[in-house]
Amino acid sequence: MISLKNCNKYFHKGSVNEVFALNSVNLDIAEGDFISIIGSNGAGKSTLLNSIAGVFMLDSGSIMIGDRDVTSWPEYKRAKFLSRVFQDPLLGTCPSATIEQNIALAKKRGQWRGFSRGVKVKDRPEFQEKLKILGLGLENRLQDKVGLLSGGQRQALTMLMATMIRPEVLLLDEHVAALDPKTARQILTLTEEIVGHQELTTLMITHNMKHAIQFGNRLIMLHQGRVISDVAGEEKKNLTVGDLLQKFYASSEEELVTDAMLLA
Amino acid sequence: MTVYAALGAIEQGLVYGIMVIGVYLTFRILDFPDLTVDGSLPLGASISAVAITSGINPYLSLVFALAGGFVAGMITAILNTKFKILHLLASILTMIALYSINIRIMGGPNVALLGSATVFDPVINWGIPGQYAGILIFAIFSVSVTAFIVWFLKTELGLAILATGDNPRMITSLGVNTHAVIILGVGLSNGLVALSGALIAQNQGAADVGMGIGTIIAGLASVIIGETIFGDNSVLRAFIAALLGSVVYRLAIALALGVEFGDFSFNPSDLNLITAVLVIFALIAPGIKKKMVAR
């Protein structure tokens, strides 16, 4: 489904601040995989997701999604078959537009936008039905501006919008990290439901090891731009937080790193 | 203020209102401060004036003016999006270039339209007196433009424009090429400004290369006055407010020009100073108000 070959990405190349964000990353992701990604700050997790999304171009290497070589495709073009939810709940929605306008925008993801009405009356029942699944009462507030909603509500709405039309790939960049624990749990449950229901190929970055173990069928650990651990299937199911920490120390070769840095 | 001055101010307010709607589109909707308008207003005026003096129908000349303004706006937006020049600087560059271009178009610093055909001819032929003909024609144009923009921003494409100004990362992740949207939006904005310039030239009987000076400041002042008095909590309301803000602004200017303190009175050349002070006050007033309330 997704295939990354020899992907390299530097930031601030040639300066004292040079960061080798992706170091010869090779990764094959099967259709329907739900992968959780962990790693310390600066390990390259977001860089990996942003490379797949096309936020920036790789310095070298190639990315295939399905049978398309998307290596040089701009972000907006990849959005046709790829959806994202950001860490910041404010990034996923448009505050000055209404709830229904936001959903209508998402319903046209990757399609031609013309001169027909942005919010179509015939679509409203579908919007309400989908909003009901969130259980936040938003189905009765279609005309309310999204700026009025809380972070959790906005993130739930973003989740719905990202999957309004089924993406081939769903990228979640620490999408519950900015929420309180209860709301985070709700959004994760919602994520699991939607991903399971639509059978989405999903990559989820998390800083929470328990979430990383609990969700998905495969777990990838990144360190200094490299994949240092990749477990799937039965082995993944039996993982514990202790195992993860051990794996981290074993492969990172860096004795100075503390638990705190990893968990931060 | 005499009735005659008031009527004149309303007329000006309506015709400059089309420009204000263009400014609102870039400044507020797209979050793109665009100074191109100081050049695209006289651009529209020159194109229309030259077209009319070459025997082209005055209504058709408006279409040419609009198209010319659209291209000017597109150039600013392309400099900004494709070549990464800061939006303010990109628009100043286009504005400066337009000064030379406008003189080239007119073959000199101005073109007189006295005795030429104008868009007012049909109305005047119906027997409506001159000072009302302007108001009528400009009301029709400005209301139609407002209605068009409000309709347009409710289409699928229009929503994408709103979202591009509001949250570009989000709308990119939904598959919209924000560069194309900005080029379209700034183009449309300058098209409207040029249309406004063309109508102004036909009204005052001449196109002049200097007529665009201070357009952006007058536009901003009108936008801010409109928002403050009439509110902006929906797209429809915001654009009606921008148009009415333009009328209020022109009335306020007319009023200020009529004020006399003994021997002192304002000249029309003081207009830019008055406007700048007005805009500065409007921009800092919310902050001062907050401080006062906090105490």
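At 44% relative accessibility, Phe264(B) counts as partly exposed, where buried stands for under 20% relative accessible area, exposed for over 50% and partly exposed for what lies in between (1.4 Å probe, protein chains only). Phe264(B) forms an aromatic pair with Phe261(B), and the pair is stacked, with 6.4 Å from centre to centre and 25° between the planes; Phe261(B), at 55% relative accessibility, is exposed. The rings considered are those of Phe, Tyr and Trp (its six-membered ring), which pair if their centres lie within 6.5 Å, and planes under 30 degrees apart count as stacked, over 60 as edge-to-face and the rest as tilted.

The model is predicted, and local features are therefore given for pLDDT of at least 70 and side-chain atom pairs for pLDDT 80 or more, whereas totals for chains, interfaces and linings use all residues. Residues are numbered from 1 along each chain as its sequence is written, chains are lettered from A and ligands numbered from 1 in the order in which they are written, and side-chain values use heavy atoms, with hydrogens and water left out.

The interface between the two chains brings 32 residues of chain A into contact with 22 residues of chain B, contact being heavy atoms within 4.5 Å. Between them the chains bury about 2,300 Å², 60% of it on carbon and sulfur atoms; buried area is here the accessible area (1.4 Å probe) that two parts lose on being put together, summed over both. Of the area that chain A buries against chain B, 27% is supplied by Tyr76(A), Arg113(A) and Phe115(A), more than by any other three residues.

Two salt bridges are found across the interface of chain A and chain B, a salt bridge being a side-chain nitrogen of Lys or Arg within 4 Å of a carboxyl oxygen of Asp or Glu. The side chains of Lys108(A) and Glu156(B) meet in a salt bridge at 3.5 Å, N to O. The count of residue pairs in polar contact between chain A and chain B, both residues at pLDDT 80 or more, is 13; a polar contact is a pair of N or O atoms within 3.5 Å, of which, within protein, one must be able to donate a hydrogen and the other to accept it, while residues adjacent in sequence count only if both atoms are side-chain atoms. On the side of chain A that touches chain B, two or more residues each come from helix H2 (75-78), strand S6 (82-85) and helix H3 (99-107) of chain A, and the largest share, four residues, comes from H3(A). Helices (H or I, at least four residues) and strands (E, at least two) are DSSP runs, numbered from the N terminus. By class, this side of chain A has 15 nonpolar, nine polar and eight charged residues.

Over all chains, the count of aromatic pairs comes to 11. The pair of Phe148(B) and Trp151(B) is tilted, because the ring centres lie 5.9 Å apart and the planes stand at 40°. These two residues are three apart in helix H6 (residues 130-152) of chain B and so are separated by about one helical turn. An α-helix has 3.6 residues a turn, so residues three or four places apart point the same way. Phe148(B) is partly exposed at 38% relative accessibility, as is Trp151(B) with a relative accessible area of 40%. One aromatic cluster is formed by Phe115(A), Phe148(B), Trp151(B) and Phe152(B).

Helix H6 of chain B also holds Ser142(B), which is buried at 0% relative accessibility. A polar atom of the Ser142(B) side chain lies 2.8 Å from the backbone oxygen of Phe138(B), and a polar atom of this side chain lies 3.3 Å from the backbone oxygen of Ala139(B). Apart from residues up to four places away in sequence, Ser142(B) touches Leu14(B), Ile18(B), Ile21(B) and Leu243(B).

In the backbone of chain B, Asp31(B) has a positive phi of about 55° although it is not a glycine; Asp31(B) is placed in the loop between helix H1 (3-29) and helix H2 (37-53) of chain B and is exposed, with a relative accessible area of 53%. Lys84(B), likewise a residue other than glycine, has a positive phi near 60°, lies in the loop between helix H3 (58-81) and helix H4 (87-106) of chain B and is exposed at 61% relative accessibility. In chain A, helix H1 (residues 45-53) is mostly covered, with eight of its nine residues buried, among them Lys45(A), Asn50(A) and Ile52(A), and H1(A) is followed by Gly54(A), whose phi is positive, near 90°.

Notes. Ala, Val, Leu, Ile, Met, Phe, Trp, Tyr, Cys and Pro count as nonpolar, Asp, Glu, Lys and Arg as charged, and the others, Gly among them, as polar.
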